[in-house]
Every structure is written in structure tokens, then in C-alpha cells.
Amino acid sequence: MKRATLLVLAVVLLFSVAYADDVWKSKPYQQWELKDVQKILADSPWAHVVHVTASWRKPGEALPVEPGGTTPGNYGTQAGSTGSGSGATSAPSSYGMPGGPSNANSGSLAQNQAIMNSANTPEATFAVRWFSARAVRQALSRAQVLSGAMSEADAAKALADEPTEFAITIVGQDMTPFLSAEEKDLAAKASLQPKKQGKIPATRATVQRIPGRKPEDPRSIAAVVFYFAKKSASGDPVLASNEKNVEFLCEAGKATIKTSFDLSKMAGANGPDW
């Protein structure tokens with residue numbers, strides 16, 4: 001329930017900001033401010049933005065932008081619930097925090113999407129995050145605490161539940177490629193490719209949907225989550241400690257989403273954080 005809540009929050013926090021220090025190393029998560037949460041979820045080794053050609057759309061065709069709404073490309077959610085099927089959360093616009101952006105016209109994925117849509121060849125923008133990383137989960141828990149949706153004690157309890165798999169999330173303004181895809185087919189076409197090892201196939205994939213949206217609405221999908229085993233059948237880590245880089249790849253419909261994660265930079269104060 002709590003893990004699903006954190007996943008939904010990952011959808012709505014799509015800020016684009018940059019700060020000098022690595023806050024995930026410089027201070028404990030209990031002291032993070034909103035700008036620190038923003039940095040980790042949008043400008044850190046665990047977060048990447050990917051642009052792909054939207055061959056499913058006509059040139060100039062764009063999805064409507066909903067200021068302050070529950071569209072994944074926007075910053076905040078309207079007062080009300082957003083959910084993932086197994087959990088939900090209520091949060092006001094701007095995430096209920098002072099200084100937080102309140103609409104999609106402040107550098108969000110929705111704004112990037114609008115810019116891409118104006119081109120002759122439409123493009124779709126996706127945020128790809130290494131969701132199972134402790135720093136990402138701490139940022140989402142801290143966001144809940146700052147908004148008043150979670151107590152410090154509950155945040156600590158949620159973080160105590162360590163993921164047994166690697167998890168990569170994809171969110172975006174236009175999730176059309178995932179609308180008709182079967183979860184088993186998404187998993188079959190997703191992988192992690194380390195530079196020094198063989199390909200690691202996804203073990204499963206889940207499509208998180210927003211309650212109340214029509215199934216055919218490209219904005220009905222809050223996120224798609226891909227899971228990968230952390231250990232082999234023999235119990236050995238699937239990612240060697242000396243691995244420096246791993247490429248994530250998934251194919252859905254007419255979209256191929258690919259990005260690389262620098263494992264050497266994915267580390268907190270206590271060491272590697274994958």
C-alpha cells in the first residue's frame with residue numbers, strides 16, 4: 001500500500017531544476033527540503049528524460065494539457081485521489097508545499113511535450129527513473145512528509161521495506177504506446193544491459209492506472225514499472241560490484257525507450273544505491 005503510494009507520487013513530481021551539491025550525500029533525507037526532493041527526482045543519476053518520435057500522432061497533433069491536474073506530465077495533483085490500483089494518495093495542487101509549481105507551464109514534461117508537438121515530427125517525452133533506489137524512495141517519502149500526507153514515523157516504516165527487485169519506472173504525458181500492451185509482452189521486451197555482463201531480462205511489468213480515466217485515454221496510465229531480479233538463481237548479484245554502466249531498454253507499440261544509468265554515480269553516503 002505504502003509502496004504503491006510512493007509510486008504515484010513519482011508520477012506527479014516531474015520538476016526540472018539543478019543545484020550544485022549532491023544532497024543525497026550531504027545531509028540525511030529527514031532534512032531534505034522541497035528543492036532537494038525535486039533534484040533527486042529530476043536531476044540526479046537515478047532520473048533521465050527520454051524523447052522518442054511519436055509516430056502514432058500526426059504532425060502538430062497534441063494532447064490537451066491540464067494545469068494542476070493529474071496528468072503525469074504536470075507538477076501537482078488536484079485535491080482528490082490518484083492511485084495505482086493497489087494504493088492511493090490525496091494531494092493538493094503544487095503538492096501542498098510553499099513555492100511548488102502549480103501548473104504544467106513551468107518546465108514540466110507537459111511543457112516539453114507541447115514544444116515537441118509544435119515540430120513537424122511530433123515527439124513524446126518520458127521520464128525514466130530507477131525507482132528501487134533508496135534515494136528515490138527517500139525523496140518520495142520526504143515529499144509525503146512535507147505535504148503532511150505522511151508522518152516521519154510512517155515514512156521510516158515505508159523505507160524499512162527494502163525492495164527485493166530492481167524497479168524502473170516510465171511516466172509521460174502521452175502513454176499511448178502502453179495503452180493496448182499486455183504486461184507480459186512489455187516484460188518480454190524490456191531489459192537491462194550492463195557493459196561487462198550479459199543482458200538481464202525483466203521478470204515482470206505492471207501498468208499503474210489512474211482511477212476514473214477512460215482506458216483508451218493516453219493519460220489514464222500513471223506509470224509503467226519494470227522489475228528485474230537482483231540475484232541470479234545461484235544467489236549471486238546480477239550486477240557486479242565493478243559494473244559502471246547499464247542501459248535500460250523497453251519496446252512498447254511503436255516506441256523504443258532507451259537510456260543509460262551511470263552506476264558509479266548512483267551512490268549515497270553509505271555506498272552504491274541501485
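This is a predicted model: local features need pLDDT of at least 70, side-chain atom pairs count only at pLDDT 80 or more; totals for chains, interfaces and linings use all residues.

W130 pairs with the ring of F261 in an edge-to-face arrangement, with 5.1 Å from centre to centre and 80 degrees between the planes. This pair links distant parts of the chain, since W130 belongs to strand β4 and F261 to strand β11 (residues 255-262), 131 residues apart. F261 is also buried, because its relative accessibility is 0%. Ring pairs join W130 and F261 with F166 into a cluster. In the whole structure, a search finds 7 aromatic pairs. Another of them is Y29 with W32, whose ring centres are 6.2 Å apart and whose planes meet at 70 degrees, so this pair is edge-to-face. Both partners are buried: Y29 has 11% relative accessibility, and W32 has a relative accessible area of 1%.

Next comes the sheet. Strand β4 covers residues 123-130, and β4 is part of an open sheet of 5 strands, ordered β1-β4-β5-β9-β8, with antiparallel pairing. The edges are β1 and β8 (204-209), each of which pairs on one side only. From one strand to the next, the twist averages 25 degrees. Strands of a sheet pair through backbone hydrogen bonds, either parallel or antiparallel.

On one side, β4 is joined to β1 by 7 bridges, and V49 stands opposite A127 of β4. β4 is also joined to β5, through 5 bridges and again in the antiparallel sense. Here R129 stands opposite T169 of β5. Further along the order, β5 pairs with β9 over 6 bridges, also antiparallel, and I170 has V224 in β9 as its bridge partner.

Strand β5 (residues 165-172) deserves a separate word, as 8 of its 8 residues are buried. In a regular strand the side chains alternate between the two faces of the sheet. For β5, both faces are covered: one side has E165, A167, T169 and V171, and the other has F166, I168, I170 and G172, all of them buried.

W130 and I170 return in the nonpolar core. The largest such core has 55 residues, and the members that touch the most others are W130, I170, F178, F226, F228, F248 and I257. Strand β9 (residues 221-229) supplies the largest share of this core, with 6 residues. F248 shows how these parts meet: leaving aside neighbours within four places in sequence, its contacts include V128, I168, I170, F226, F228, I257 and F261. The contacts of F248 also include S191, L192, K258 and T259.

R57 lies in the loop between β1 (47-53) and β2 (81-83). With 8% relative accessibility, R57 counts as buried.

L41 is in helix α3 (residues 34-42) and is buried, with a relative accessible area of 1%. The C-alpha atoms of L41 and V136 are 6.6 Å apart, although the two residues are separated by 95 residues along the chain.

Definitions and conventions:
Residues are numbered from 1 along each chain as its sequence is written. Side-chain values use heavy atoms; hydrogens and water are left out. Helices (H or I, at least four residues) and strands (E, at least two) are DSSP runs, numbered from the N terminus. Buried means under 20% relative accessible area, exposed over 50%, partly exposed in between (1.4 Å probe, protein chains only). A nonpolar core is a set of buried Ala, Val, Leu, Ile, Met, Phe, Trp, Tyr and Cys residues joined through side-chain atoms within 4.5 Å. Contact means heavy atoms within 4.5 Å. Two strands pair if DSSP finds at least two bridges between them. Axes are lines fitted to C-alpha atoms, for helices over the stretch in contact, and angles run from 0 to 180 degrees between N-to-C directions. Rings of Phe, Tyr and Trp (its six-membered ring) pair if their centres lie within 6.5 Å; planes under 30 degrees apart count as stacked, over 60 as edge-to-face and the rest as tilted.
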